[in-house]
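Subject: The structure I promised you

Hi there,

Here is the structure for you to open on your side. Have a look first, and then read on for what turned up in it.

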Amino acid sequence: MCCFFATLVFLGPRFGFLVYWLIAPIRVNAAFQGFNFPFLVSLLGLIFVPWTTLMYVSIFPLNGYDWIWLGFGIMADVAGWIGGYAHRQRVPGYPENDPLEVTPATPPATPPAK
């Protein structure tokens, strides 16, 4: 478990999930066995909500207060999305204006009178 936590700290949840999958493949497979397409669910979870997926697999089966840990995973994913959106202006070449901002329509310029 020490290597698992060190991987999480330094390389993030996706690589930590890979290490956990290599350490305990039976437990990871058991966590996703209840879904219709377990490989697809695990892959999509790993792409879009990695902290929630990692938390779900590590605390499976869910009993009692385990839902709180799953909520922490959801909060970590949402914080990652919000942080990425808030700091998108730091990316070189990103447009200065907000793409979601609604700008008022300007009337067409009238030609000068003769």
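Read along the sequence, the chain runs α-α-α-α-α-α. In other words, there are 6 helices and 0 strands. Please keep in mind that this is a predicted model.

**The chain as a whole**

The protein chain has 114 residues, and 25% of them are buried. Among contacts with a separation of 6 or more, 44% join residues 24 or more positions apart.

In soluble globular proteins, nonpolar side chains tend to be buried together. Here, the largest nonpolar core holds 13 residues, and Phe17, Val28, Phe32, Tyr56 and Val57 have the most contacts inside it. Which elements give two or more residues to this core? They are H2, helix H3 (25-32) and helix H5 (50-59). H5 provides the largest share, 5 residues.

Leaving out residues up to four places away in sequence, Tyr56 touches Ala31, Phe32, Phe35, Leu62 and Leu70.

Thr53 also sits in helix H5. Is Thr53 buried or exposed? Its relative accessibility is 7%, so Thr53 counts as buried, the cut-off for buried being under 20%. Beyond its neighbours within four places in sequence, Thr53 is in contact with Phe17, Phe32, Ser42, Gly45 and Leu46.

Met55 is another residue of helix H5. Apart from neighbours within four places in sequence, Met55 is in contact with Trp69, Leu70 and Gly73. Met55 and Trp69 are 14 residues apart in sequence, with 6.9 Å from C-alpha to C-alpha.

**Helices with a buried side**

An α-helix has 3.6 residues a turn, so residues three or four places apart point the same way.

In helix H2 (residues 13-23), the buried residues include Pro13, Gly16, Phe17, Val19 and Tyr20. These residues are on the same side of H2, because they cover an arc of only 160 degrees around the axis.

In H4, the buried residues are Ser42, Gly45 and Leu46. They fall within an arc of 100 degrees when seen down the axis of H4, so they line one face of the helix. What do the buried residues of H4 pack against? Their partners are H2, H3 and H5.

**A nonpolar patch on the surface**

Now for the outside. Phe37, Phe39, Leu40, Leu43, Leu44, Ile47 and Phe48 form a nonpolar patch on the surface, and together they have about 730 Å² of accessible area. One of these residues, Phe48, belongs to helix H4 (residues 38-48). Phe48 counts as exposed because its relative accessibility is 52%, and the cut-off for exposed is over 50%.

**Two spots in the loops**

Gly12 lies in the loop between helix H1 (2-11) and H2. With 17% relative accessibility, Gly12 counts as buried. Gly12 and Trp51 are 39 residues apart in sequence, and their C-alpha atoms are 8.9 Å apart in space.

The other spot is Pro61, in the loop between H5 and helix H6 (66-86). Which form does the peptide bond from Phe60 to Pro61 take, with its omega near -5 degrees? That bond is cis.

If you want a short tour, begin with Tyr56 and the residues it touches, including Phe32 and Leu70.

Note on methods: Residues numbered from 1 in each chain as written. Predicted model: local features only at pLDDT ≥ 70, side-chain atom pairs only at ≥ 80, totals over all residues. Heavy atoms only, no water. Patch = residues over 30% accessible without salt bridge, like charges linked within 9 Å, V, L, I, M, F, W, Y side chains within 5 Å. Areas by Shrake-Rupley, 256 points an atom, 1.4 Å probe, with all protein chains shown as cover. Salt bridge = Lys/Arg side-chain N within 4 Å of Asp/Glu carboxyl O. Helix = DSSP H or I, 4+ residues; strand = E, 2+ residues; numbered from the N terminus. Buried < 20%, exposed > 50% of the residue type's maximum accessible area, 1.4 Å probe, protein only. Arc of directions from axis to C-beta. Core = buried A, V, L, I, M, F, W, Y, C linked by side-chain atoms within 4.5 Å. Contact = heavy atoms within 4.5 Å.
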